[in-house]
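The stops below are given in the order in which they may be selected.

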Amino acid sequence: MSKYTIGIDFGTLSCRALLVRTEDGREIAASVSEYPHAVIDKELPATGEKLPQNWALEDPQDYLYSLERVIPDVIRQANIDKNDVIGICVDCTCCTLLPVDENGTPLCFTERFRSEKNAYIKLWKHHSAQPYADRMNSIAAKRKDDFLRPFGGKISSEWVFPKMWQTLDEAPEVYVAAKYFIEAGDWINWILTGRMTRGYMYAAFKAEYLPGKGYPPTEFFTECDPRLYDAVDKISGPIVNAGERAGTVCRSAAERFGLAEGTAVSGAVSDAHVGAAGLGISKPGDLFGIIGTSTCYFAVTDAYYDVPGVCGFVKDGVIPEYYGCEAGLCCVGDHFSWLADNFASAEVEKAARQKGISVLKYLIGLAADKKPGETGLIALDWWNGNRSVLVNGELSGLIAGMTLGTRAEDVLRALIEATAFGTRVIFDTLRSCGVAIDGFSAAGGIARKDPFTMQLYSDVLHIPVKVFASSQIPALGCAVYASVAAGSAAGGYDTFREACKVMKSPVDRVYYPDTEAGKIYDRLYAEYVRLHDLFGRGGNDVMMRLRKIADDARNN
């Protein structure tokens, strides 16, 4: 009798579950649940309090609401017995952090803290902790600490400790009441198993944990702020990697989510890192990207390299046995949608309606009709800050070359090109530090749905881009790891390689670089790099000054 695993992908706006047959990797059923509150970035629903700039929260109740729907739905669609589901694995965006009490109850669920914004989930793209990241980086540099070397030399505002420090500074009562600060994926695993564990990928890439060394030293935290003396205690717990068993489904979770009690639960994983399992990434030189609202890139190597501005260079951090290096872009699909939502003309909106497609898809079609370089524009893709290699959430977007003849599709093309140029900065940085890149595998919504953008990436990067058949690569990767957590005795697999070989997604399409287009993009890329370095490396800090002026205006 066939056995199955379920991979669950908690994204920025929705939760997706995928039920997969372990014997051949066939995707049997999928289900999606949108979060009722979506991203909370304008006002706190509980009170109507207006949120400051660069805040991005979520309500953990939305995650439970979605889990209660997607798991029973895929089992019902597949018409299988829940006892034939042998394993489950959860991924989540990261760092997506929430404060909880000793029982794992989110503080925002309590009457005391329901109205306190710092008691909610701080989403990965919550960037208002940048001043705390800046101070941490300054103190680490002064102390000459080397714990940041494997993490690109800088702490990002997106990571664990700046968000914790912000909570301590702005809402000390929340910090004190929190027994733990926990990644959302680890919290879901706690709900499923009744046991608190820490996913290795979260701990390493977002909290600077290194095997054999642990977290950054307590002395560092107390020099930042004496009240942070217990920072490491608040993120402590057993560390479990993907494919290792974090526990089994407990009785309360089985009843709540429609699973069989005792089902194996894998260590929780990061939503982008887990793509390696779904794509079949297996050797040094492999590089893949999950391209969506933002983009994460991962390179696999057999040795450690110092690379400035990356999010981490960690052993066993992407796939077992090798080093994994993470980098990325903070804003990709997010600012494509921003343009379509705010700057499309009435004529464009009418034409899109007539064709029965979205405004964004219509604009992409218009942009694709332009020749490389024809728009006369160049953009910096920092609408949500820069993740790599500048690691600065206070940077902002820029468009140069606009005239009275510039149209929305011209700007959209410039934004798409900018994300490709930002990707090339990352790839060039990796190569300059010794990291080999033998191929590029792409997944995520944009990779699957937008051939124009994928061809443009191939032209800019001068390498083929492979796109895969599955539209749910992170969830598929989770299903692969769930089969390893279950083991061969239950109908799964005993090693990552065995599972990946059978269950990975096949390649659907390969985009090959256009040499002539690439020559034009080389010229545009040179201009991008000049602007990148001028506004990102201290030549002109106008973007930070503008943010300060805007903050002062809002607060007065």
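A pocket, on a 1 Å grid over the protein atoms alone, is an open set of points with protein on both sides within 12 Å along at least five of seven lines; a cavity is a set where a 1.4 Å probe fits but cannot get out, and lining residues have an atom within 4 Å of a point. Grid points are joined across faces, edges and corners, and a volume is the space filled by probe spheres set on the points. The model is predicted, so local features need pLDDT of at least 70 and side-chain atom pairs pLDDT 80 or more, while totals for chains, interfaces and linings use all residues. Residues are numbered from 1 along each chain as its sequence is written, and side-chain values use heavy atoms, with hydrogens and water left out.

**The second largest pocket**

Select Asp41, Lys42, Lys125, Trp383 and Asn384, which lie nearest the centre of the second largest pocket among its 26 lining residues. The volume of this pocket is about 800 Å³. Next, colour α10 (333-343), which gives the most to this lining, with 6 residues. Helix α19 (542-555) also supplies at least two. Helices (H or I, at least four residues) and strands (E, at least two) are DSSP runs, numbered from the N terminus. The lining has 9 nonpolar, 10 polar and 7 charged residues, where Ala, Val, Leu, Ile, Met, Phe, Trp, Tyr, Cys and Pro count as nonpolar, Asp, Glu, Lys and Arg as charged, and the others, Gly among them, as polar.

**The largest pocket**

Move to Ile291, Gly292, Thr293, Gly445 and Ile446, which lie nearest the centre of the largest pocket. This pocket holds about 1,200 Å³ of space, and 43 residues line it. Elements that give two or more residues to the lining include β2 (14-21), β14 (286-291), α10 and α14 (445-449). By class, the lining comprises 15 nonpolar, 15 polar and 13 charged residues.

Select β20 (residues 439-443) and β21 (residues 465-468), which pair in the parallel sense over 3 bridges; two strands pair if DSSP finds at least two bridges between them. Ala442 has Val467 of β21 as its bridge partner.

**Enclosed spaces**

How many cavities of 30 Å³ or more does a search of the whole structure find? The search finds 4. The largest cavity contains about 80 Å³ of space. Of its 13 lining residues, Glu183, Arg198, Ala203, Ala207 and Ile235 are the closest to its centre. The lining divides into 9 nonpolar, 1 polar and 3 charged residues.

The second largest cavity, of about 40 Å³, can be found by selecting lining residues including His127, Ser156, Glu158, Cys330 and Arg387. Its lining comprises 2 nonpolar, 7 polar and 2 charged residues.

**Helix α1**

Finally, select residues 60-78, the 19 residues of α1. This helix reaches 28 Å from its first C-alpha to its last, close to the 27 Å expected at 1.5 Å a residue; the expected span is 1.5 Å times one less than the number of residues. At its start, a side-chain oxygen of Asp59 comes to within 2.9 Å of the backbone nitrogen of Gln61. Buried residues (under 20% relative accessible area, 1.4 Å probe, protein chains only) of α1 include Leu64, Leu67, Val70, Ile71 and Val74. Asn79 follows α1, with a positive phi near 55°.

Key:
Buried means under 20% relative accessible area, exposed over 50%, partly exposed in between (1.4 Å probe, protein chains only). A polar contact is a pair of N or O atoms within 3.5 Å; within protein, one must be able to donate a hydrogen and the other to accept it, and residues adjacent in sequence count only if both atoms are side-chain atoms.
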